[in-house]
Amino acid sequence: MTTAPRPAAELSADEARRIALRAQGFLGAPDRRGGVRGVLRHLGQVQLDTISVLARSHELIPYARLGAVGRPAVEEAYWTEGHAFEYWSHAACILPVEEWPLFAFRRRAYRDRPHWGHELSDGAYDAVIRQLRDEGPRTATELGGAKNKGEWWDWSDSKIAVERALMYGEVVVTERRGWKRVYDLAERAVPQALLHDDLDDTECLRRLVRQAGEALGVGTRADIADYHRIKGEAFDAVVADSGLVPVTVAGWGKPAWADPAALASEPRGRHRTTLLSPFDSLIWERARTERIFGFTHRLEAYVPKQKRVYGYFAMPVLSGGRLVGRVDPAREGRTLVARQVSLDGPKAVPAVARALREAAEWVGCDAVAVERVDSPELAAELVKSLG
């Protein structure tokens with residue numbers, strides 16, 4: 001473990017919380033001129049996930065920061081004009097194309113040691129590359145089929161080959177079409193100025209640690225390393241040269257580092273009130289969320305129904321810089337249904353009502369229905385606030 005040098009600042013827990021909120025785009029005026037692409041560049045990544053209840057997570061991320069940006073405009077911002085690509089970062093993520101060189105360390109690691117055990121027939125890899133070169137961008141289905149006729153993990157040769165080429169960096173995902181990855185040759189999709197693996201592993205990691213620290217504002221070793229899923233030992237090796245500065249945060253009990261720019265001015269401005277995707281980088285790491293907000297949350301989509309506490313896709317509600325409740329949403333026609341609402345006391349009611357109304361309007365619903373409130377005595381007040 002790294003022993004941090006003398007801290008550059010001593011922060012209260014409240015100061016750290018506000019620094020984190022501003023860094024993640026939830027405090028101060030939203031960057032509407034930068035729009036969705038600005039959000040992506042600032043965060044450095046947006047996580048993808050298959051679950052779509054209110055909307056898919058990569059749509060919810062810019063919505064939470066910018067408000068009701070049109071959903072088609074979100075997809076267009078990500079996937080047109082070569083602004084982004086999909087790769088493995090915190091998980092499967094959309095990344096700004098400028099970060100392509102920074103993942104050379106991961107591409108090299110995959111080339112040296114592929115992380116799966118799928119066997120690949122002779123010639124299959126080269127055949128997929130030839131097909132993409134001759135025919136242009138294709139889905140796995142268009143390349144010959146994503147799966148064989150066996151179990152769901154029984155990938156076809158073409159699927160194994162194109163995914164391996166993706167890991168190696170010879171192929172890039174340029175969009176999702178009907179949630180299917182669309183693959184193209186990196187040499188065609190990535191600008192020539194960025195299409196290189198010139199940075200050594202140390203420089204890749206140094207820049208990614210710096211980017212993660214800037215996106216988080218302030219964080220522990222685990223927080224910052226987890227942002228792009230790099231190893232703690234790799235963080236230790238580069239943090240001193242990353243430009244981040246050591247700080248102490250009251251109550252954290254662990255060394256922390258901050259973006260110097262985040263310490264240069266006091267975080268001020270309007271707080272966003274919004275529903276948050278569980279895959280939002282503000283809250284995706286459970287220990288950090290508990291440390292910063294005093295709020296315990298986990299995704300229960302993969303928990304057996306009878307064991308769920310807050311619901312299938314419970315979305316924390318952010319208001320006034322605090323997490324004030326949870327909503328497990330669903331859509332029935334033009335009605336946004338709050339299957340379960342959890343409130344942090346009466347003061348949370350107006351914020352949760354506002355978040356629900358705005359989310360409903362964004363996804364094209366003209367009514368909100370509430371099925372269950374964990375505090376039954378607040379149910380009538382919530383319904384009244386919803387109008």
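This is a predicted model: local features need pLDDT of at least 70, side-chain atom pairs count only at pLDDT 80 or more; totals for chains, interfaces and linings use all residues.

Q: How do strands come to be joined, and how many bridges join strand 6 to strand 7?

A: In general, the strands of a sheet pair through backbone hydrogen bonds, in either a parallel or an antiparallel sense. Here strand 6 (residues 171-177) and strand 7 (residues 180-185) run antiparallel and are joined by six bridges, with Val173 standing opposite Tyr183 in strand 7. Strand 6 is also largely enclosed by the rest of the structure, because five of its seven residues are buried.

Q: What is the strand order in the open sheet of five strands, and which strands stand at its edges?

A: The order is 11-12-13-14-15, and the pairing is mixed. Strand 11 (274-275) and strand 15 (367-370) stand at the edges, where each has a single partner strand, so one side of each is left without a neighbour in the sheet. The pairing of strand 11 with strand 12 (residues 315-319) is antiparallel and extends over two bridges; within strand 12, Leu318 is the residue opposite Thr274.

Q: Which helix lies across these strands, and at about what angle does it run to strand 14?

A: Helix 14 (residues 349-362) lies across strand 11, strand 12, strand 13 (322-332), strand 14 (335-343) and strand 15, and it runs at about 155° to strand 14.

Q: How should I read the burial of a helix, and which residues of helix 5 are buried?

A: The general idea is that an α-helix has 3.6 residues a turn, so residues three or four places apart point the same way. In helix 5 (residues 104-112), the buried residues are Ala104, Phe105, Arg106, Arg107 and Tyr110, and they pack against strand 3 (84-88), helix 7 (157-168) and helix 9 (201-216). Two of these residues, Phe105 and Tyr110, also belong to a cluster with Tyr87 and Phe103 that is linked by ring pairs.

Q: Why is helix 2 described as largely enclosed?

A: Helix 2 (residues 35-43) is largely enclosed by the rest of the structure because seven of its nine residues are buried; they are Gly35, Val36, Arg37, Gly38, Val39, Leu40 and Leu43. The residue that follows helix 2 is Gly44, whose phi is positive, near 85°.

Q: How many aromatic pairs does the structure hold, and what is the geometry of the pair formed by Phe235 and Trp257?

A: The structure holds 10 aromatic pairs. The pair of Phe235 and Trp257 is edge-to-face, with 5.2 Å centre to centre and 80° between the planes. This pair links distant parts of the chain, since Phe235 lies in helix 11 (residues 232-238) and Trp257 in strand 10 (residues 256-258), 22 residues apart. Both Phe235 and Trp257 are buried.

Note on methods. Residues are numbered from 1 along each chain as its sequence is written. Side-chain values use heavy atoms; hydrogens and water are left out. Two strands pair if DSSP finds at least two bridges between them. Helices (H or I, at least four residues) and strands (E, at least two) are DSSP runs, numbered from the N terminus. Contact means heavy atoms within 4.5 Å. Axes are lines fitted to C-alpha atoms, for helices over the stretch in contact, and angles run from 0 to 180 degrees between N-to-C directions. Buried means under 20% relative accessible area, exposed over 50%, partly exposed in between (1.4 Å probe, protein chains only). Rings of Phe, Tyr and Trp (its six-membered ring) pair if their centres lie within 6.5 Å; planes under 30 degrees apart count as stacked, over 60 as edge-to-face and the rest as tilted.
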